[in-house]
Amino acid sequence: MFLQVEQEEWSQWRSVSQEISEGLRDVVGNTPVGFVAQDIVSRQVQLIKSLPLEAADRVRDIQARAMEAVINGERPDALYRMIMESGDVAESRAKMIARTEIGRATTALTQARAESIGSEGYWWEIEGAGTRPSHKEMKGKFVRWDDPPTLDGMTGHCGALPNCKCWPRVKVPAPRK
């Protein structure tokens with residue numbers, strides 16, 4: 001009986017997950033929100049300075065794959081494997097790039113969605129005790145979308161900085177009357 005219930009729940013979860021993925025794929029590929037998110041991610045190519053210049057096409061592939069992973073609700077593992085296949089990248093560096101690019105794609109999509117409803121910014125939220133001191137100092141601070149902070153010599157929104165597990169708690173504007 002428990003096995004049957006578990007199988008039914010898993011089937012329902014898969015169905016809902018697939019519907020969410022299809023909806024998100026449509027948003028990213030066919031709406032202004034998706035176009036803004038893709039533009040935000042593509043402008044961040046310059047932030048991956050450790051890859052050789054001739055790897056620019058690979059970076060675009062990585063970022064496109066990161067957006068696909070976000071749409072599909074994937075973890076960074078598949079992206080990590082893709083980066084490792086590109087060669088000449090240390091394992092630890094590939095893992096960091098994969099986590100960072102998934103974070104960038106997620107934050108870009110959040111930003112695009114938030115701006116589409118008129119959000120001016122977000123409150124910086126942190127995850128876990130391993131958070132960097134500069135990020136801990138940001139906890140609960142309001143950040144405008146048009147003015148990302150510079151932390152540890154890097155400028156970007158929470159979740160979009162290297163190895164950042166922070167997340168934006170979006171300020172949703174009050175409904176207009």
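## Aromatic pairs, cysteines and a buried glutamate

Lys171 sits over the face of Phe142, 5.5 Å from the ring centre; a charge counts as over a ring if NZ of Lys or CZ of Arg is within 6 Å of the ring centre and within 35 degrees of the ring normal. The model is predicted, so local features need pLDDT of at least 70 and side-chain atom pairs count only at pLDDT 80 or more, while totals for chains, interfaces and linings use all residues. Residues are numbered from 1 along each chain as its sequence is written, and side-chain values use heavy atoms, with hydrogens and water left out.

The structure holds three aromatic pairs. Rings of Phe, Tyr and Trp (its six-membered ring) pair if their centres lie within 6.5 Å; planes under 30 degrees apart are stacked, over 60 edge-to-face, and the rest tilted. Two of the pairs are tabulated here.

| Pair | Centre to centre | Angle between planes | Class |
|---|---|---|---|
| Tyr122 and Trp145 | 4.7 Å | 45 degrees | tilted |
| Trp123 and Phe142 | 5.4 Å | 65 degrees | edge-to-face |

Tyr122 in strand S1 and Trp145 in the loop between strand S2 (142–144) and strand S3 (150–151) are 23 residues apart. Trp123 in strand S1 and Phe142 in strand S2 are 19 residues apart. Helices (H or I, at least four residues) and strands (E, at least two) are DSSP runs, numbered from the N terminus.

Tyr122 and Trp145 are both buried, where buried means under 20% relative accessible area, exposed over 50%, and partly exposed in between (1.4 Å probe, protein chains only). Trp123 is partly exposed at 25%, as is Phe142 at 34%. Ring pairs also join Tyr122, Trp124 and Trp145 into a cluster.

Glu125 belongs to strand S1 (residues 121–125) and is buried, at 10% relative accessible area. Its side chain makes a polar contact of 2.9 Å with that of Arg169; such a contact is a pair of N or O atoms within 3.5 Å, and within protein one must be able to donate a hydrogen and the other to accept it, with residues adjacent in sequence counting only if both atoms are side-chain atoms. Leaving out residues up to four places away in sequence, Glu125 touches Lys139, Cys166, Trp167 and Arg169 (contact means heavy atoms within 4.5 Å).

The whole structure has zero disulfides, a disulfide being a pair of cysteine sulfur atoms within 2.5 Å. For Cys164, the nearest cysteine sulfur is that of Cys166, at 3.6 Å. Cys158 is buried at 0% relative accessible area, and Cys164 is buried at 10%.
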